[in-house]
Amino acid sequence: MVRALFEAAARLVEELSYLGVFITMALESACVPIPSEFVMPLAGYVFCDTALDVLLLGLLGAIANLAGSLAAYSVGATAGVKLLARFKRLPYFSRELEKCETLFSRYGDLAVAISRVLPGVRTFISLPAGAFGVRTDRFVVLTFFGSVPWNLMLAYIGFLLGENWALIEEYVMYVDYLVAAGLLIFLAAFLAYLRKRSGP
């Protein structure tokens, strides 16, 4: 199924250009399991000739993620409890939604930002965010800024690899973990800085 979605996403990107990137990345954040790990490197290879191109493509991906996330968030906010109950009956969705709920119980609203670099979870986090009542303004800010580094990195990888961009498929698991570890290190450093500033 994922392979079929990837091939369809690749066709959209190649045929619709930047609009194809926007559509596929929005769908990924609206609970359609399209792997951004394939879409953004492909787009980085096809569309990027300079660092500015990478920056603009990364921002486009983040904006698309926000659009798709807001759609899923709205559904979660209006019919969240019933919808989550139905999704949990499906094996794959159940596993990922349980991860989302664990994130919320441990980290609260910050789970929205953290989830943007976690495999599987980033696709579905917006539904429980809406269902659990995350404030819309906080959701928008955390979603956008949580999506930017992920999209920039994937676009840059595609830019660097060129026509060998598909090699990322072999190492995508390590990319996920590397980005997640980097984000956690950044958050730990930021929290330590805040404590130091607020200390005596």
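The legends below describe close-up views of a predicted model. Residues are numbered from 1 along each chain as its sequence is written, and side-chain values use heavy atoms, with hydrogens and water left out. Because the model is predicted, local features need a pLDDT of at least 70 and side-chain atom pairs count only at pLDDT 80 or more, whereas totals for chains, interfaces and linings use all residues.

**View 1. Confidence along the protein chain.** The chain averages a pLDDT (the predictor's confidence in each residue, from 0 to 100) of 77, and 66% of the residues score at least 70. Where pLDDT is low, the predicted coordinates should not be read in detail.

**View 2. The largest nonpolar core.** This core (a set of buried Ala, Val, Leu, Ile, Met, Phe, Trp, Tyr and Cys residues joined through side-chain atoms within 4.5 Å) has 19 residues, and those with the most contacts inside it include Val13, Met25 and Met40. Two or more residues come from each of α1 (2-16), α2, α3 (36-47), α4 and α9 (136-161), with α3 giving the most, five residues. Beyond its neighbours within four places in sequence, methionine 40 is in contact (heavy atoms within 4.5 Å) with Val21, Met25, Leu57, Gly58, Gly61, Asn151, Leu154 and Ala155. Another core, of eleven residues, lies apart from this one, and Phe104, Val112, Val134 and Phe139 are among its members.

**View 3. Threonine 24 in helix α2.** Threonine 24, found in helix α2, is buried (under 20% relative accessible area, with exposed being over 50% and partly exposed in between, for a 1.4 Å probe and protein chains only), its own value being 0%. Leaving aside neighbours within four places in sequence, threonine 24 contacts Ala9, Leu12, Val13, Ile34 and Val39.

**View 4. A nonpolar surface patch.** Leu52, Leu55 and Leu56 make a patch of about 280 Å² (residues with over 30% relative accessible area and no salt bridge, like charges being joined within 9 Å and nonpolar side chains, Val, Leu, Ile, Met, Phe, Trp and Tyr, within 5 Å; areas by the Shrake-Rupley method with a 1.4 Å probe, only the protein chains shown counting as cover for residues). Leucine 52 lies in helix α4, residues 51-87, and is exposed at 52% relative accessible area.

**View 5. The salt bridge.** One salt bridge is counted (a side-chain nitrogen of Lys or Arg within 4 Å of a carboxyl oxygen of Asp or Glu), and it joins the side chains of arginine 135 and aspartate 137 at 2.5 Å, N to O. Aspartate 137 is partly exposed, with a relative accessible area of 41%.

Conventions: Helix = DSSP H or I, 4+ residues; strand = E, 2+ residues; numbered from the N terminus.
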